[in-house]
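Hi everyone, thanks for coming.

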Amino acid sequence: MLRIARYLKGFRRQVIIGPIFKLTEAIFELIVPLVMASIIDVGVKNGDTMFILQRGGLMVLLGILGLGCALICQYNAALASQGFGTAVRNDLFRHIESLSHRELDTIGAPSLITRITNDVNQLQVAVAMLIRLVIRAPFLVVGAAVMAMLIDVKLSSIFLIAIPFLVAVLYFVMSRSVPLYKSVQTRLDRISLITRENLVGSRVIRAFSRQEREQARFEETTDQLKDSIIRVGKLSALLNPLTYVIMNAAIIAIIWFGGVQVDQGSLTQGNVIALVNYMTQIILALVVVANLVVIFTKASASARRVNEVFDTRPSIPAVEGEALPLQEDAPAIAFENVSFSYGGGERALAGLSVSIRPGETVGIIGGTGAGKSTLVNLIGRFYDATEGRISLFGSDVKDYPNRQLRELIGIVPQKAVLFSGTLRENMQWRDPDADDSEIARALETAQASEFVEQLPDGYDTRILQGGKNLSGGQKQRLTIARALVGDPRILILDDSASALDFATDAALRRAIARSTKGMTVIMVSQRAHTVRQADRIIVLDEGQVAGIGRHEELLETCQVYREICLSQLSEEEVSRQ
């Protein structure tokens, strides 16, 4: 919590002013029982209506002043808590954006979503309560006890007896409920995970008629959350009855012994009423303290989870600085004895050494899990190689400033991802200044211009989140066009035509060959006909290079490649040049 508190530096005024006004309100609240006592002892006893009205007016004034102080405190608490939450959330999102794929894989998207929403909300509530109640509640407990002593020391001993019992009840309830509050956040992570899986995979779930099974899985998880919250609720439900039993017992004692002193003339009736009011103030303040314990326990767990994200350092730190000069005579991409593991397990790539010339079109093919996507992810530095070195145009990929690296490489991932906004905005991701003619050229190459021209608003057509209003093939063609805008030096197509029919795929390959002269193109695919016309083909098998060469060479020298081709094409098609 103390580490997160640094975000309150910009709200020092609110953090100081809020408690001061809340403290002032508490002082007014402590004065009210004394005014009530004077009304009873003087006004009611003597039948002095004017005195009653005067003291009644004073009580109303104290109430209005207290309300004004409370509103000022509430306003400052809202400013500080909402500003604090906004600052934490912005920094957290900025930090998440700086993390590499490895850290995102480790923490998980559902957990990150819960932390940036629910956990930050818990922290906001804690800040608001810090300003509003942390000083007021203890002050009321101590202040009411002191005021009771000023009225009558003997009767105030009832307060000293009751308070330890109240504290014991609070400790009993809190010590058993606090651990349960910590587990609730983990349950929320699980619900977020299942919800995200079901929303993303809704079509697959319907295709396999798994709605009932997924509903049962979701209900099981929500039942676990419900059980945790009910257990906490049952414990918390004991708080009010037990505390009110003690409070009422103390009030009975005050009235009993106070009544005896009133008969003896050593105490007034108004003083007894004032003591009862102070007892009520103490019990209510202690209940508030109990609630504060719960709030700050939740906030402490949330702060720990938020700090875990802040403490996670990117394994691939951002590189800033001047752009590196490109050595045109050096290989566009060079892998030098590169190995990679996703962490603790078997290596996805082992001892890979490959050199790709500028302007060369290279196909990468292999079975599932051969390491094709891993290889291209290393080129874009989404992950760093565990061993070995990767260089682009003569310089280590680790030395390139992030901006220059992204300008050099245009990547089309396996899963086509578009963002909400217009089609034009999606096309301008690589180059915000790209005009319509550049976009049109990229769409033409990607075989997307025909269906884009049929859209009602053309380039201004709204794309729904994730491109939900487009087919799979349309999304893939638009993501290819997006990568082509800005003319990258290296174009990586990571199995990005899997949703296209064979005719469109063939037209796409011919268009890319025509329009990417001088561009280094990496085509990852499991389709043999997609890569067969490449200048060279790299065959991967279990993370190692099984063969490199042209289609006809590999048919004779690489058994893995020949098996892939024969599994997809006839003998005649395989042999055809």
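Let's start with a question: what is the order of the four strands in the open sheet? Keep in mind as you look that this is a predicted model. The strands run β2-β1-β4-β5, and their pairing is antiparallel. At the edges stand β2, residues 349-356, and β5, residues 395-396. Each of these two has a single partner strand, so one side of each is left without a neighbour in the sheet.

Let's stay with β5 for a moment. Its pairing with β4, which covers residues 387-392, is antiparallel and rests on two bridges.

Now let's step back to the whole protein chain. In total there are 21 helices and 12 strands. How does the chain fill space? Along the principal axes, its C-alpha atoms take up a box of roughly 120 × 45 × 45 Å. The radius of gyration is 36 Å, whereas a compact globule of 577 residues would come out near 25 Å.

What about the inside and the surface? Of the 577 residues, 49% count as buried. The accessible surface is about 28,900 Å², and carbon and sulfur atoms account for 57% of that. As for contacts between residues at least 6 apart in sequence, 77% join residues at least 24 apart.

Last, the charges: the chain has 60 positive and 59 negative ones, and their mean positions lie 7 Å apart.

How values were computed:
Residues are numbered from 1 along each chain as its sequence is written. This is a predicted model: local features need pLDDT of at least 70, side-chain atom pairs count only at pLDDT 80 or more; totals for chains, interfaces and linings use all residues. Side-chain values use heavy atoms; hydrogens and water are left out. The radius of gyration is taken over C-alpha atoms; the globule rule is 2.2 Å times the number of residues to the power 0.38. Buried means under 20% relative accessible area, exposed over 50%, partly exposed in between (1.4 Å probe, protein chains only). Contact means heavy atoms within 4.5 Å. Accessible areas come from the Shrake-Rupley method with a 1.4 Å probe; for residues, only the protein chains shown count as cover. Lys and Arg count as positive and Asp and Glu as negative; His and the chain ends are not counted. The place of a charge is taken as NZ of Lys, CZ of Arg, CG of Asp or CD of Glu. Two strands pair if DSSP finds at least two bridges between them.
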